[in-house]
Amino acid sequence: MAKRPQSVSIGGRTKGSDVQPEPSVTSGKPAGRKRIYSQPGPEPAQALRRGCLAKDLVAVFGDNLRAARLKSDLTQAEIADRLGITQQYLSLIETGRKNVTLRTMIALADVLGADLSAMLQRPRSGGS
């Protein structure tokens, strides 16, 4: 590849103006337009499984939250007052009808003295 002379701007004038722009390559597409390829999304079955998993985790957390609250002998109103949330919101969390942020989960686990990771696990079945 041949080296091209560089142009230098001095006082508003370009020195080395004998430099010609490179000829454009025509590809049949309008110049300046780029084709953008999107990433393929997850398969519908995968997306459905993820959605079901999320709903399941919300329900499991709500069930475990209710069990921990009852074990601690606290009412929804008492916990709600301690956290600065409404009793109605806490009820929706316990019944799995309201998604909850990680920060709220941590706060709820702290108030109940429970382990957050344990609150996200299904109770083990079996009578041993």
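Guide: One term to start: a polar contact is a pair of N or O atoms within 3.5 Å; within protein, one must be able to donate a hydrogen and the other to accept it, and residues adjacent in sequence count only if both atoms are side-chain atoms. You're looking at a predicted model, where local features need pLDDT of at least 70 and side-chain atom pairs count only at pLDDT 80 or more, while totals for chains, interfaces and linings use all residues. Residues are numbered from 1 along each chain as its sequence is written, and side-chain values use heavy atoms, with hydrogens and water left out.

Visitor: Which residue's side chain makes a polar contact with the side chain of Gln76?
Guide: Start from where Gln76 sits, which is helix H2. Helices (H or I, at least four residues) and strands (E, at least two) are DSSP runs, numbered from the N terminus. From there, the Gln76 side chain has a polar contact of 2.8 Å with the side chain of Glu94.

Visitor: Is Gln76 buried or exposed?
Guide: Look at its neighbours: leaving aside residues up to four places away in sequence, Gln76 touches Arg69, Gln87, Leu90, Ser91 and Glu94, where contact means heavy atoms within 4.5 Å. Buried means under 20% relative accessible area, exposed over 50%, and partly exposed in between (1.4 Å probe, protein chains only). Since its relative accessible area is 15%, Gln76 is buried.

Visitor: And what is the relative accessible area of Glu94?
Guide: You'll find Glu94 in helix H3, residues 87–94. Beyond residues up to four places away in sequence, Glu94 touches Gly62, Asp63, Leu65, Arg66, Arg69 and Gln76. Glu94 counts as buried because its relative accessible area is 5%.

Visitor: What length is the polar contact that joins the side chains of Glu94 and Arg69?
Guide: Remember that Glu94 also has a side-chain polar contact with Gln76. Arg69 is a partner of Glu94 too, and their side chains are joined by a polar contact of 2.6 Å.

Visitor: Let's zoom out. In what order do the elements of the protein chain run from the N terminus on?
Guide: The protein chain holds five helices and two strands. Follow the chain from the N terminus and the elements come as β-β-α-α-α-α-α.

Visitor: What percentage of the 128 residues in the protein chain is buried?
Guide: For background, take contacts between residues at least 6 apart in sequence: 52% of them join residues at least 24 apart. As for burial, among the 128 residues of the protein chain the buried share is 18%.

Visitor: Are H1 and H4 roughly parallel or oblique?
Guide: Two packed helices are described by the angle between their axes and the distance between the axes. Axes are lines fitted to C-alpha atoms, for helices over the stretch in contact, and angles run from 0 to 180 degrees between N-to-C directions; under 35 degrees counts as roughly parallel, over 145 as roughly antiparallel, 65 to 115 as roughly perpendicular and the rest as oblique. H1 (residues 44–71) and H4 pack at about 25°, with axes 10 Å apart. So the pair is roughly parallel.

Visitor: How many nonpolar residues does the contact of H1 with H4 have?
Guide: From H1 come Phe61, Leu65, Ala68 and Arg69, and from H4 come Met105, Leu108 and Leu112. Ala, Val, Leu, Ile, Met, Phe, Trp, Tyr, Cys and Pro count as nonpolar, Asp, Glu, Lys and Arg as charged, and the others, Gly among them, as polar. That contact has one charged residue, no polar ones, and a nonpolar count of six.

Visitor: How many charged residues are in the contact of H1 with H3?
Guide: H1 and H3 pack at about 120° with axes 7 Å apart, so they are oblique to each other. Val58, Phe61, Gly62, Asp63, Leu65, Arg66 and Arg69 of H1 meet Leu90, Ile93 and Glu94 of H3. Sorted by class, five are nonpolar, one is polar, and the number of charged residues is four.

Visitor: How far apart are the axes of helix H2 and helix H4?
Guide: In H2, Ile79, Arg82 and Leu83 do the touching, and in H4 their partners are Ala107, Leu108, Val111 and Leu112. These residues split into six nonpolar, no polar and one charged. H2 (residues 76–83) and H4 (residues 102–112) pack at an angle of about 120°, and the distance between their axes is 11 Å.

Visitor: What about Pro123: how far is its C-alpha atom from that of Asp63?
Guide: Pro123 sits in the segment after helix H5 (116–119). It counts as exposed because its relative accessibility is 61%. Along the chain Pro123 and Asp63 are 60 residues apart, yet their C-alpha atoms are separated by 9.4 Å.
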